[in-house]
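Notebook open, model loaded. I want to go through the fold and then the aromatic side chains.

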Amino acid sequence: MRLNEVINRFALVSGLEPGEVTRWTPVCIDAMNELKSKLLPDALSSEENILRLSACAGVLAYYRYCLYKSGSEPKSFTAGAVSVTVSELDVEKAYKLWEFEKKSVENLLASSEDFCFKRVKV
């Protein structure tokens, strides 16, 4: 994966200005490292895979960004006749986008988040 590509995808989906994106670079690095830890051995063998994984990491960083921001911003604010309400829709939208991107790289990931109990008869 390439950090520049991860940051570019994060900037695209977040709509943040370049100065604000720089502030969130550590989140992009964390997202990239998390995906790296789950890759199959040959996952980074082609340019296409590298770009797909970079895009996925950028969207994961955006999802985390939305989670961080949703807890730090007021839900509702009223000043006279002006009322501002922040909804959880951004987090939900970011999660759906993350799920979509994750599905697009499932064939490159070694571990699945699915878990199943099975019984063994002896």
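I take helices (H or I, at least four residues) and strands (E, at least two) as DSSP runs, numbered from the N terminus. With that, I read the elements of the protein chain from the N terminus on as α-α-α-α-β-β-α, which gives five helices and two strands.

Ground rules before I go on. This is a predicted model, where local features need pLDDT of at least 70 and side-chain atom pairs count only at pLDDT 80 or more, while totals for chains, interfaces and linings use all residues. Residues are numbered from 1 along each chain as its sequence is written, and side-chain values use heavy atoms, with hydrogens and water left out.

Next I looked up burial (buried is under 20% relative accessible area, exposed is over 50%, partly exposed is in between; 1.4 Å probe, protein chains only). Of the 122 residues in the protein chain, 33% count as buried. The chain exposes about 8,300 Å², and carbon and sulfur atoms supply 56% of that; the areas come from the Shrake-Rupley method with a 1.4 Å probe, and for residues only the protein chains shown count as cover.

Then contacts, meaning heavy atoms within 4.5 Å. Among contacts in the protein chain with a separation of 6 or more, 74% are between residues 24 or more positions apart.

On to the rings. I pair rings of Phe, Tyr and Trp (its six-membered ring) if their centres lie within 6.5 Å; planes under 30 degrees apart are stacked, over 60 edge-to-face, and the rest tilted. By this rule I get five aromatic pairs. Trp 24 and Tyr 68 are a stacked one, at 6.1 Å centre to centre with 20° between the planes. Trp 24 sits in the loop between helix H2 (18-23) and helix H3 (25-36) and Tyr 68 in helix H4 (residues 47-72), so the pair ties together parts 44 residues apart in sequence. Trp 24 is buried at 12% relative accessibility, whereas Tyr 68 is partly exposed at 48%.

Tyr 63 and Tyr 95 make a tilted pair, 5.4 Å centre to centre and 55° between the planes. I find Tyr 63 in helix H4 and Tyr 95 in helix H5 (residues 89-104), 32 residues apart, so this pair links distant parts of the chain too. Tyr 63 is buried at 16%; Tyr 95 is partly exposed at 39%.

Which residues form one aromatic cluster? I get Phe 10, Trp 24, Tyr 62, Tyr 65 and Tyr 68.

Last stop: Asn 49 in helix H4. Asn 49 is buried at 11% relative accessibility. Leaving out residues up to four places away in sequence, Asn 49 touches Ala 43 and Leu 108.
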